[in-house]
Amino acid sequence: MLRCVPQVEKAIHFFRKEIDVRAVVIAEEGAQPTVAELPTPQPAAGEVLVRVQASSINGFDLSVAGGHVAGMMEHRYPLVLGKDFAGTVAAVGDGVTRFSVGDAVFGVVTKQFLGDGGFGEYVTVPEEIGIAALPGGVEVAAAGALGLAGTAALDALDAVTPQPGETVLVSGATGGVGAVAVQYAAASGARVIATARPGEESEFVRNLGAHEVVDHTGDVPAQIRAVSPGGVDVIVHLAGDGAVLAGLLTEKGRIASTIGFGPDQHPAATFVMANPTGTTLDRLAGDVAAGRLRVPVARAYPLAEVPAAFGDFAGGTVGKLGITVAS
Ligand SMILES: NC(=O)c1ccc[n+]([C@@H]2O[C@H](COP(=O)([O-])OP(=O)(O)OC[C@H]3O[C@@H](n4cnc5c(N)ncnc54)[C@H](OP(=O)(O)O)[C@@H]3O)[C@@H](O)[C@H]2O)c1
């Protein structure tokens, strides 16, 4: 009897839409995240279907699971969680020109509604936003942890453009966004002050390029004045009290915040919403491929352990928590 090679069998099976795929979902409003089997999503016109191999936890995922985004965005149930993804293009919808089946890709699921996510074996994403080619030399686990955190860090730094010789405070440096922000800030030639608890966390940010470390469980303004008596030129605000930190700015200082501290709170503040354009994602992946940027993934969890990963994330982590979706 003639037999197809396994990949062809899998593809035929796939396009008959007979298989269900595993995903971490919120089944209905108020439900807890669980692993469920769903029909394979199909790409609409202009969309790419990605077979996901890796993703990661972001604070946004916990906000969605906790019901904190309800009312701000349409929720489509069963709602698949997860903003980040990395994997391979499995199919393309009508009109897609930038990607082909088999391409390695990564990015951030960016749609007008919540419902499609990276914590599942397949996800559809628009080719126009939130997806880029994954260059050789970038591990899929790193790519799965790069999209949202990297974009937020890069967009924040682009909003305040640190100059060589300036002093940059990264408040929240030990998280996923902070770990990327510290590296880019150091690469700009600025002197970087990072917040971190003493011990392992301080070592972590120093290894990423921080020149000074202040303990955010202590008196942050006093510690900053001790190492930088003239104040700081730039603040990347990812955690902590924005108003207190803004009081440390020099006359021409500026502050970029990912957590809602904007011009209404301080004239030098910019509230940054991460916008994962292809250009930004290309830049991030290119920097990782060239060895200029590290994506510190502290630990990776299988899909079934996403609820446990949420608990660990909420308890505080150093760097990113990855999700391994498939090999
Ligand atoms: N606007 C956007 O588009 C956007 C995009 C991505 C992320 N975000 C937000 O940006 C923030 C950072 O994201 P993330 O993924 O890096 O979060 P994360 O991984 O949870 O990191 C936050 C870090 O802040 C530290 N921290 C807590 N309290 C602090 C304080 N008072 N001062 C200084 N550091 C403190 C924590 O360290 P300890 O464990 O030591 O407490 C933790 O390492 C989150 O609130 C996230 O929701 C927004």
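Trainee: What should I keep in mind before I start?

Mentor: The model is predicted, so to speak of local features we need pLDDT of at least 70, and side-chain atom pairs count only at pLDDT 80 or more, while totals for chains, interfaces and linings use all residues. Residues are numbered from 1 along each chain as its sequence is written, and side-chain values use heavy atoms, with hydrogens and water left out.

Trainee: Let us begin with strands. What is the order of the open sheet of three strands?

Mentor: First the terms: helices (H or I, at least four residues) and strands (E, at least two) are DSSP runs, numbered from the N terminus. Two strands pair if DSSP finds at least two bridges between them. Here the open sheet runs E2-E1-E5, with antiparallel pairing. Its edge strands are E2 (34-39) and E5 (79-80), each of which pairs on one side only.

Trainee: How many bridges join E1 to E2, and how many join E1 to E5?

Mentor: Strand E1 (residues 20-26) is joined to E2 by six bridges and to E5 by two; both pairings are antiparallel. On the E2 side, Val 24 stands opposite Val 35, and Val 21 has Leu 38 as its bridge partner. On the E5 side, Val 25 is partnered with Val 80.

Trainee: Is E1 mostly covered or mostly open?

Mentor: Burial is read from relative accessible area: buried means under 20%, exposed over 50%, and partly exposed in between (1.4 Å probe, protein chains only). Five of the seven residues of E1 are buried, so by that definition the strand is mostly covered.

Trainee: Why is E3 described as largely enclosed by the rest of the structure?

Mentor: Strand E3 covers residues 47-56, and nine of its ten residues are buried, so the rest of the structure largely encloses it.

Trainee: Which residues of the lining lie nearest the centre of the largest cavity?

Mentor: Of its 16 lining residues, Val 80, Gly 82, Lys 83, Leu 114 and Asp 116 lie nearest the centre. Helix H2 (59-65), E5 and strand E8 (113-114) each give two or more residues to this lining, and H2 gives the most, with three.

Trainee: What about aromatic rings?

Mentor: A pair of aromatic rings is described by the distance of the centres and the angle of the planes. Rings of Phe, Tyr and Trp (its six-membered ring) pair if their centres lie within 6.5 Å; planes under 30 degrees apart count as stacked, over 60 as edge-to-face and the rest as tilted. The structure holds one aromatic pair. The ring centres of Phe 119 and Phe 310 are 6.4 Å apart and the planes stand at 55°, so this pair is tilted. Phe 119 lies in the loop between E8 and strand E9 (122-126) and Phe 310 in helix H10 (residues 306-314), so the pair ties together parts 191 residues apart in sequence. Phe 119 is buried at 0% relative accessibility, and Phe 310 is buried at 9%.

Trainee: And the backbone?

Mentor: Most residues other than glycine have a negative phi, and most peptide bonds are trans. Here a cis peptide bond joins Tyr 77 and Pro 78, with omega about -5°; Pro 78 lies in the loop between strand E4 (74-75) and E5. Thr 161 has a positive phi, near 35°, and is found in the loop between helix H4 (147-160) and strand E11 (167-171). Thr 161 is partly exposed, at 41% relative accessible area.

Notes:
On a 1 Å grid over the protein atoms alone, a cavity is a set of points where a 1.4 Å probe fits but cannot get out, and a pocket is an open set with protein on both sides within 12 Å along at least five of seven lines; lining residues have an atom within 4 Å of a point.
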